[in-house]
Amino acid sequence: MNIEEFIKNFSELFEEAETAAFTPSTRFRDIEEWSSLLALSVIAMVDQKYKVKLTGANILNSQTIEDLYKVVKTK
Amino acid sequence: MHNPFSLSGKTILVTGASSGIGKSVAIECAKMGARLIITGRNRERLDETMKQLEGDNHQQKICDLQTDEGMKIVVENVPLIDGIVHCAGITRTVPFTYVTPEIVKEIIGINFIAPLTISRQLLSLKKIRSNGSIVFISSISGTLCSYIGNSIYSASKGAINGLIKGMALDLAPKKIRVNSVTPGMVETDILSAGSISEDQLQEDMKRYPLKRYGRPEEIAYSVIYLLSDAASWITGSNLLIDGGYTLL
């Protein structure tokens, strides 16, 4: 896995936000579209694509997409 | 003392008794004088429930109700009983677009197919006494509302609601009553909901007019009522226990 691919998968969960707007330092909770359903979608996407089980706390403790990527990578 | 709510002299099968609502139902039914047959997947946890049952002559069966073999263990080993409480249930919080056939099979299998099959097989073996009572644990999720990422769980509980009405009609000639309880969020569910954060739970609790989630024993008391002779004219009904959640 690499971060570019992770960002692409992450951004595809959003309906309205532009893919180009996502970078490793994007603070994902600041995105207007962010919701608890999107948090669940991130957990489901990571489970499906990376076979890693994230928790709600993992997401809560991550600020940027890169933070989250690191959690997925080390789990 | 006259007590129509007593379960004294009744033998009750409780599935999913190793944790949560099932564990509480077993413990409270025993306190009300029932003799219990409890089932669960985990021996250690089922032993723990067993230890907490008041009175004697209780039995336990380790089995996985996801398998035909597991259901067979229950059906074949159960003596003549007066009631069943179908507590075995699971949930998986997954957004609908990520639902897989395996998730559907697992949730519908345990929450819907298993209680249906066990009830039917016990009836065909005439192991449920006349004046017996079958109680399903439904949920507000799938009958009155739903939660995000909860579509298949909701489907399984909606299916239970339809099932009990049809069963109640078909079993009325046998004088066997069929009902469900419809809880809102109960404290026990939280442990399995790892994908929801503590903050989200605290926020969700505030949406209940009674400002908290239910306790397992509060569900158990309603189950006891439906099992007892106090509810002898109640069949095909859903008893809502949700701290007022669905009023808003």
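In what order do the elements of chain A run from the N terminus on? They run α-α-α-α, in a model that is predicted.

**Figure 1. Secondary structure of chain A.** Chain A holds four helices and zero strands. Two of the helices are α2, residues 36–50, and α3, residues 56–60.

**Figure 2. Overall dimensions of chain A.** Along the principal axes, the C-alpha atoms fill a box of roughly 30 × 25 × 20 Å. The radius of gyration of chain A is 11 Å, which agrees with the value near 11 Å that a compact globule of 75 residues would have.

**Figure 3. Burial and contacts within chain A.** Of the 75 residues in this chain, 47% count as buried. Among contacts in chain A with a separation of 6 or more, 54% come from residues 24 or more positions apart.

**Figure 4. The interface of chain A and chain B.** Here 12 residues of chain A are in contact with 12 residues of chain B. About 980 Å² is buried between the two chains, and carbon and sulfur atoms give 71% of that area.

**Figure 5. The side of chain A that touches chain B.** Both α2 and α3 of chain A supply at least two residues each to this side. The largest share, eight residues, comes from α2(A). By residue class, the side of chain A that touches chain B divides into seven nonpolar and five polar residues, with no charged ones.

Terms used
Residues numbered from 1 in each chain as written. Chains lettered and ligands numbered in written order. Predicted model: local features only at pLDDT ≥ 70, side-chain atom pairs only at ≥ 80, totals over all residues. Heavy atoms only, no water. Contact = heavy atoms within 4.5 Å. Buried area = accessible area lost by both parts, 1.4 Å probe. Nonpolar A, V, L, I, M, F, W, Y, C, P; charged D, E, K, R; others polar. Rg over C-alpha atoms; globule rule 2.2 N^0.38 Å. Buried < 20%, exposed > 50% of the residue type's maximum accessible area, 1.4 Å probe, protein only.
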